[in-house]
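Student: I would like to go through the labels used for this model and see what each one rests on. Please set every value against its cut-off.

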Amino acid sequence: MAKKRRKFVQCPNCGYTFEEVNNYCPNCGQENHDLNVPVKHLVEEFFESTLHYDTKFWRTLRYLITRPGYLTEKFNLGQRASYVPPFRLYVFVSIFFFTAIALFASDGLVISDVDSAKAQLEATNPEAAGRVMQADSVVRPWVGLTLKDSADVIINQEVDNKFRSFVKNQEQSRQKLLKNISFMMFVLMPFFGLILYLFFRSQGRNYVEHLMFSVHFHTFVFLLIMFAILLEVVFSSLDANGWVFLISMVYLFFALRHVYKESYLRTAVKLIPIGLTYLVSLIILFVATVGVSVLFS
């Protein structure tokens, strides 16, 4: 939908005389659009722009969910005007994603030391606690140390103090960890794009094309996890983690097939190492994120 402009004859900023086709001043770059109008016109313009963007957003969201790889293909072909830009869509969805995590899922992020974890395990599952203690008693004669003693040997006093401080301030530590995880996911996107670049380098595509695939894929995963969280809130006995992983892999398969145009067999063969590389990278980055959160707590 074209924007209805109330054009000036002359640029109010630099005095350039406009031609009819000038939507922006060729001399200074200021938009050729008169905002000095009654409030009624500004309100009408706001709703017109909002409804137009709203239509574009829902169209983009529909294709993202129902047609894996479609938006990436359209972006790579240069057909972008009808859809929300990938990074803008990611930022918008990620705000709701991490808000949902903070509101509904952060309580499941338990931060505790060895003694607290042991006490909690004994209270909830005495049989499992007994097996852990039995394993500790078997290992102790061989190494001469308990798990806690080993930690005292390996971890220096400064790190140990930071860890205890991190554990003590549970709510603050949980919020910091969630904040760092959001940054971790942002770092993971270009890294996943690099993985795709390496696996499909024979196609001669630019890195940006793989990056856009990564942005769309992570946006979908965020939406999927949000939906799973809401389901678990409504149905408290439901554990949707397995379904999230399965649906993500199926979506990734069809998205790879749609964008890179390889056979189903070749796509499936590449999906395995791509998925494993991604999962290992995710685990490493998560451990590093936890470590940074502890050290800078």
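Tutor: A charge sits over a ring if NZ of Lys or CZ of Arg is within 6 Å of the ring centre and within 35 degrees of the ring normal. This is a predicted model, in which local features need pLDDT of at least 70, side-chain atom pairs count only at pLDDT 80 or more, and totals for chains, interfaces and linings use all residues. Residues are numbered from 1 along each chain as its sequence is written, and side-chain values use heavy atoms, with hydrogens and water left out.

Student: What is the distance of arginine 257 from the ring centre of tyrosine 264?

Tutor: The charged end of arginine 257 sits over that ring, 4.4 Å from its centre. Arginine 80 lies over the face of phenylalanine 75, at 4.0 Å from the ring centre.

Student: Why is the pair of tyrosine 70 and tyrosine 83 called edge-to-face?

Tutor: A pair of aromatic rings is described by the distance of the centres and the angle of the planes. Rings of Phe, Tyr and Trp (its six-membered ring) pair if their centres lie within 6.5 Å; planes under 30 degrees apart count as stacked, over 60 as edge-to-face and the rest as tilted. The structure holds 22 aromatic pairs. For tyrosine 70 and tyrosine 83 the centres are 6.3 Å apart and the planes at 85 degrees, so the pair is edge-to-face. Tyrosine 70 is in helix α2 and tyrosine 83 in the loop between α2 and α3, 13 residues apart. Helices here are DSSP runs (H or I, at least four residues), numbered from the N terminus.

Student: Why does tyrosine 70 count as buried?

Tutor: Buried means under 20% relative accessible area, exposed over 50%, and partly exposed in between (1.4 Å probe, protein chains only). Tyrosine 70 has 10% relative accessibility, so tyrosine 70 counts as buried. Tyrosine 83, at 13%, also counts as buried.

Student: What makes the pair of phenylalanine 97 and phenylalanine 222 stacked?

Tutor: The ring centres of phenylalanine 97 and phenylalanine 222 are 4.1 Å apart and the planes are at 0 degrees, so this pair is stacked. Phenylalanine 97 belongs to helix α3 and phenylalanine 222 to helix α9, 125 residues apart. Both residues are buried.

Student: What is the label for asparagine 180?

Tutor: Asparagine 180, in helix α8, has a relative accessible area of 22%, so the label is partly exposed. Asparagine 180 and phenylalanine 286 are 106 residues apart in sequence and 9.3 Å apart in space, C-alpha to C-alpha.

Definitions and conventions:
Helices (H or I, at least four residues) and strands (E, at least two) are DSSP runs, numbered from the N terminus.
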